[in-house]
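Student: Please show me the sequence and the structure. Then take me through them step by step.

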Amino acid sequence: MKQLAVLCCLILSGCAITPVERTFPGIPPALKQSCGELVLVPPGTTKLSEVITVVTENYAQYNGCRALNDAWSAWYAEQKTIFEGVK
Amino acid sequence: MALLAPTHWLLWESNNMWLINFLPDWIFYLLLIIGILGIIISMFLKEIPVINRYQTPIWLLGILLTILGVWFAGGISKDQEYRERISALQLRVAEAEKKSAEVNTQIEYVYRDRVQVVEKVRYQVISAIREHSTSMDANCTVIPTAVEILNRATQPQSRSSEKKK
């Protein structure tokens, strides 16, 4: 009985094999970068303009990073749909 | 039930079907025909007195060749079916890869466009700050403690790890 079970498994595994290679989809080169470091306000500064310039830089950093994150999410969703479409 | 059919033994990984791949298909069909002919001839051999002693070996050989022929014919048929399925799958994979590359181009374009907008806004805001910096700095002085507190917010990881220690 055990031998028969093993035999059935082997037959099933044999039938499940499809010699078609599928490569993992590559990502756009622009998405390979990581989010940059936040900018620090120079210590000892008393000028408001310098402080809000740094804050603006950090906002821009965040928005860039958000765009990157959204692009990754879109990439995953699209590639998943394409991958699951091939059966 | 279909999985237990003898033909599946031959389909045990299409790469290992060496006999079907090695020999031309017609040999197996020829085996089948010879087998069937052997069975039919063995039926008539009973009537012929001199050679009727060969009736049983020819009948057995016919049966054996028929079984082998059917077995391999089934294998060839399944092999062909699998080859067609593989070709269709390869085609779908190629289409998917093409579509995947198109999607990548589109996503990259959207991303670069958004980054350009971010940079444009950044440039505009910084220009506006520079334009109004004199009045801003004259009306408001930032104390060093405020700067120190603000800078702390940029490193949440190091602060939390310090707390843990």
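Tutor: Contact means heavy atoms within 4.5 Å. The model is predicted: local features need pLDDT of at least 70, side-chain atom pairs count only at pLDDT 80 or more, and totals for chains, interfaces and linings use all residues. Residues are numbered from 1 along each chain as its sequence is written, chains are lettered from A and ligands numbered from 1 in the order in which they are written, and side-chain values use heavy atoms, with hydrogens and water left out.

Student: How many helices and how many strands does chain B have?

Tutor: Helices (H or I, at least four residues) and strands (E, at least two) are DSSP runs, numbered from the N terminus. Along its sequence, chain B reads α-α-α-α-α-α-α. The count is zero strands and seven helices.

Student: What percentage of chain B is buried?

Tutor: Buried means under 20% relative accessible area, exposed over 50%, and partly exposed in between (1.4 Å probe, protein chains only). Chain B has 165 residues. The buried part is 26%.

Student: Which residues form the disulfide?

Tutor: A disulfide is a pair of cysteine sulfur atoms within 2.5 Å. Over all chains, the structure holds one. Its sulfur atoms are 1.6 Å apart, and its partners are A:Cys35 and A:Cys65.

Student: Which parts does that pair tie together?

Tutor: A:Cys65 lies in helix 2 of chain A, and A:Cys35 in the loop between helix 1 (2-16) and helix 2 (48-85), so the link joins parts 30 residues apart in sequence. A:Cys35 is partly exposed at 37% relative accessibility, and A:Cys65 is partly exposed at 24%. The tied parts are thus that loop and helix 2 of chain A.

Student: Which residues touch the most other members of the largest nonpolar core?

Tutor: A nonpolar core is a set of buried Ala, Val, Leu, Ile, Met, Phe, Trp, Tyr and Cys residues joined through side-chain atoms within 4.5 Å. The largest one has 16 residues. Helix 2 of chain A and helix 4 of chain B each give two or more residues to this core, and helix 4 of chain B gives the most, seven. The residues that touch the most other members are A:Leu31, B:Ile107 and B:Tyr111.

Student: Which residues is B:Tyr111 in contact with, leaving aside its neighbours within four places in sequence?

Tutor: Set aside the neighbours within four places in sequence. The partners of B:Tyr111 are then A:Ala30, A:Leu31, A:Gln33, A:Gly64, A:Ala67, A:Leu68 and A:Ala71.

Student: Which element gives the largest share of the lining of the largest pocket?

Tutor: On a 1 Å grid over the protein atoms alone, a pocket is an open set of points where a 1.4 Å probe fits, with protein on both sides within 12 Å along at least five of seven lines; lining residues have an atom within 4 Å of a point. The largest pocket is lined by 16 residues, and A:Cys65 and B:Glu119 are among those nearest its centre. Helix 4 (55-131) of chain B and helix 2 of chain A each give two or more residues to the lining. The largest share, six residues, comes from helix 2 of chain A.
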